Amino acid sequence: MRRFLTVILLLALCVVSFGVPRSAQASVGPSLDTNAWGANGEVRAVVQTGNIFYIGGSFNFIGPYTGSWAAISTGTAAWDDTFPRVEGIVRAAAPDGAGGWYIGGSFTSVGGLARNGLARILSSKAVDTDFAPSANGLVQVMHFDVGSNRLYIGGKFTQINSTTRNRVAALNGTDGSLISGFAPNVVFDADPDLAAVNAIALNGSVLYIGGTFNRIGSTGRNNIAALNTSDGTTTTWNPNADNTIHTMALDAANSLLYVGGDFGRFGASNFRERIAALPLGSDTPTAWNPTASGSVYAMVLSGSILYVGGAFDDAGGIFRSRVAALNTSTGSATSWNPNADGVVYTLTLNGSTMYVGGAFTTIGGQTRSNVAALNTTTGSALSWNPGTGGATYSIRIDGSTAFIGGNYQHAAGVRRTNLAAIDTATGRPTSWNTLVSNGVQAASVQALAIRGSVLYVGGRFNFIGGQLRENIAALDLSNGVATSWNPGANNNVQALAANDTTVYAGGQFTTIGGQVRNRLAALSASTGAATIWNPGADSGVTALALASDSIYVGGTFNFIGGGQLRRFLAEINLDTGNATAWNPDPSNTVYSIVVTATTVYVGGFFLEVGGISRNYLAQIRRLDATLTDWNPNANDNVYALALNNNILYVGGDFTQIGGEPRTRIAAIEADTGLPRSWTATTNDSIFALALNGARLAAGGKFTTVNSEPFASYAMFTKLPIDTIGILRQSEATFYLRNSNTTGIADFTLIFGAPGDYPVAGDWNGDGITTIGVYRQSTGVFYLTESNTPGAPVVYSFVLGNPGDIPFVGDWNGNGRDGVAVFRPTNGLLYLKNNLSTGFADFQMVLGLPGDLPVAGDWDLDGRDSPGVYRPDTSVFFLTNAICNFCIVFADFSLVFGDPGDYPFYGDWNGDGRTGVGVYRRSNGITYFRNELTTGFADIGIIYGIEDDLPFAGRWGVSADMPPAPADTEEPEVAPTFVPRN
């Protein structure tokens, strides 16, 4: 029976290659997870457990990077990412009458094209290249008149297209040129910088404007005026408001103009508190007088109801928080009461739905981030909930799409306040949702640590997980609820580390856990009480790293651990709280620490350690606090470190490391300090890094990553995926491909001799897989460090006996592959870490005679372990164990392929976990599976011809290598060696 889905494939292809040589050390670029959402504020801490990254900082929204004008489905609330992104603020939008939109604000680019505050987006979703007017200040409001092809705009600008236009202008709707005859001069003499036009309404040949001004040209007009559209002159209409007008709603049928703002009267004695109805034929407001207790920013008229939004608590004579419906006859508020908890800036009515935008978190009885849809009968919020990461100023509806403009870069996401759980597979927040707040002050999460089922949180807050907690808390990972653990700190907690019994906290506090503890404390993991351990730092603690019997501490202190002089970095004994003799003495603040068995890596603001030059990064021996020769030499602050095997990931403010350009994030060799070819860039600081398999999470205050819009949080795949290669044994020719797709070879090279078995591994830890062969007749490995024609043999050595089958893996997790052989006669495995003749490091029994060997990181622990494939039953038997002189049993098994297939292995999706593959040697069809379970193939391709042998790797060479000439030199012969029994 067929055990996986066979894809429809093309006829078999010959493997050919074209092009010119390139170095095998081509840059290995990081894969940015474009599905990952960003945050609308700084991310200061990241920690990982399982398939979750927990992130903390000072944000309240997580979503895709939409720009400040988003097209959102009114049905699903999904974002249409085919519309051009706007970089800046959008305050106004108007339909162009042809299915497109004019937008205005204080933005600088639209869809990658430079646009200063004004743009047109066509119905095709393209930016109109013919319409490119430029405003030198904020565009606050706009109205397009289709009949005259005029776009009227108001705001704070003083020039349009480098021509004087003070706060109001009329543009040609086609090319954005100024209407020359329309040039009112809106002025506020008391403070010219406050002069603005905030509202406009067109009625025939008259344009009504409202804002902050005291004259139009030489004609006195206080905050409201009527302009002739023919020449921009004022009419005689002069209601004379005593303060700013923010919004207007025209009732042309009844010759009324409703206005809202900050005013208290019109003329000398017509008192109207922030809402009024003005007859178009009279300067005196009508008797209608609902009043509002605070600013009114938005109005929508519907029949006998005027909907208003703003910053008020009362309207129409009754409590109404920021939004209300007023009867146009009586001025009293109706029963409609959505009750928003923040300012409402815009209202748009569409049928029986009122769309509301502003700066609120709850409205209509539901949590909503700055945008909501309300039932016009009940005032309750509908299920539509796209959210924005900042204030919403404009909502316009067209068919089934809501166009939302504002001061944000993220929309169509979820509200998460300073703390979130991110699924590593999707890059999006899980349903885990814990509010972190600090009363009227800004809250922030600055430190995270996980132990077992508990997430410890430090920062500046007084409420978290549904409970009052001062600056430190413990959350249940299953539901985000605060546990009873409650040490309470009187100031920021900036660093955390935990073991089974104790939580170590560092920061700016002087009391914690019920005791005086200066900036560093040990807290009982069960009670939260401070233990007697009391090192006492004289200034802030910013970094902690636990070792077996000590804790390494970094910060701004000079004295710590019993009053000992330890500048910026110290080792504190876990029993006594005293500083050990270990004293590297960096010259300034340490922000991040990573500890290994022999070494302490530190990053910070220092330029020396122990009087020796070390710029921002250092490697210090744990034994005696002396520096190693390791010296990456960053050129600016380092805030974050994350170590994975032999790769140290670094984040900060730097733009160079090891003499190579690396912009705020880098991967360097943990043993040599040399920068790896992995390169990424951000446009601002990185404060936190964490690893999960092949995922690297980065938090900071950046807004772009690799020139792509990603704000504050991003996820990388550390290295590219593994891709297919085959060896044609009869020709000793390797055919390598850069993608797992049907096609011709990307590059070709001859290596070894006919009949050799292929191997491929990262022999030197540079992140690039290079080829080699195993000569079955002699048991000799021949390996090269370059995938270029004529590459020399770098390693040659003996392992195993004639007839053994080779395979490759990183057995000790040091970032470099070792080799192994499988003895098909008895199921013995011989694993070796070093690429030299010598005894095997591990001898194991796994499988049966006739099996074929495989290896991979099956459990994401950072090292490879072996497995076997049974060709007659198509079963993989895989183990997570490596041991010596032992018999192991498979931890799990899976069925994949058909009897007679040949196995191989690789990370096909970049998640850090090795998947399996089979090659059907009878027809050259290859099948890949990501999950280590019985199931269908994820990928199926044609590659190679009958009897080729498969393998996989990350080749690091551009797809332009030519076929190599035959290599007539025999590889170097190594001495005979037989593994020990």
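Leaving aside its neighbours within four places in sequence, with which residues is Gly562 in contact?

## Gly562 and its surroundings

In this predicted model, Gly562 is in contact with Pro535, Gly577 and Asn578 once the neighbours within four places in sequence are left aside. The residue belongs to the loop that runs between strand S56 (559-560) and strand S57 (564-565).

## The chain as a whole

The chain holds 95 strands and zero helices, and its C-alpha trace spans about 110 × 75 × 50 Å along the principal axes. Of the 981 residues in the chain, 59% are buried, and the accessible surface comes to about 34,900 Å², with 48% of that area belonging to carbon and sulfur atoms.

Taking contacts between residues at least 6 apart in sequence, 46% of them join residues at least 24 apart. As for charge, the chain carries 55 positive and 74 negative charges, and the mean positions of these two sets are 7 Å apart.

## Strand pairing

An open sheet is formed by three strands in the order S2-S5-S41, with antiparallel pairing. Its edge strands are S2 (38-39) and S41 (414-415), each of which pairs on one side only. Between S2 and S5 (residues 61-63) there are two bridges, in an antiparallel arrangement, and the bridge partner of Ala39 in S5 is Ile62.

Strand S85 (residues 842-845) takes part in two pairings that can be read together. Four bridges join S85 to strand S84 (residues 828-832), and these two strands run antiparallel, whereas the two bridges between S85 and strand S89 (residues 886-887) belong to a parallel pair.

Strands S34 (residues 343-350) and S35 (residues 353-359) run antiparallel and are joined by seven bridges, with Leu349 having Met354 as its bridge partner in S35. The two strands form a hairpin with two residues between them, where Gly351 takes a positive phi near 65 degrees.

## Arg737, a buried loop residue

Arg737 lies in the loop between strand S76 (733-736) and strand S77 (747-750). Its relative accessibility is 10%, and so Arg737 counts as buried, given that the cut-off for buried is under 20%. A polar atom of the Arg737 side chain lies 2.8 Å from the backbone oxygen of Thr741, and the side chain of Arg737 also reaches the backbone oxygen of Thr742, at 3.5 Å. With neighbours within four places in sequence left aside, the residues in contact with Arg737 include Thr723, Ile724, Asp746, Tyr943 and Trp955.

Thr589 is placed in the loop between strand S58 (569-573) and strand S59 (590-595), and because its relative accessibility is 6%, Thr589 counts as buried. The side chains of Thr589 and Asn588 make a polar contact of 3.2 Å. Not counting residues up to four places away in sequence, Thr589 touches Thr542, Gly555, Thr556, Phe568, Gly604, Phe605 and Phe606.

Ser134 is likewise a loop residue, found between strand S12 (118-121) and strand S13 (139-145), but at 27% relative accessibility Ser134 counts as partly exposed. Leaving aside neighbours within four places in sequence, Ser134 is in contact with Asn116, Gln159, Ile160 and Asn161, and with Asn116 there is a polar contact of 3.2 Å between the side chains. Arg115 is 19 residues from Ser134 in sequence, with the two C-alpha atoms 6.8 Å apart in space.

Definitions and conventions: Residues are numbered from 1 along each chain as its sequence is written. This is a predicted model: local features need pLDDT of at least 70, side-chain atom pairs count only at pLDDT 80 or more; totals for chains, interfaces and linings use all residues. Side-chain values use heavy atoms; hydrogens and water are left out. Buried means under 20% relative accessible area, exposed over 50%, partly exposed in between (1.4 Å probe, protein chains only). Contact means heavy atoms within 4.5 Å. Accessible areas come from the Shrake-Rupley method with a 1.4 Å probe; for residues, only the protein chains shown count as cover. Lys and Arg count as positive and Asp and Glu as negative; His and the chain ends are not counted. The place of a charge is taken as NZ of Lys, CZ of Arg, CG of Asp or CD of Glu. Two strands pair if DSSP finds at least two bridges between them. A polar contact is a pair of N or O atoms within 3.5 Å; within protein, one must be able to donate a hydrogen and the other to accept it, and residues adjacent in sequence count only if both atoms are side-chain atoms.
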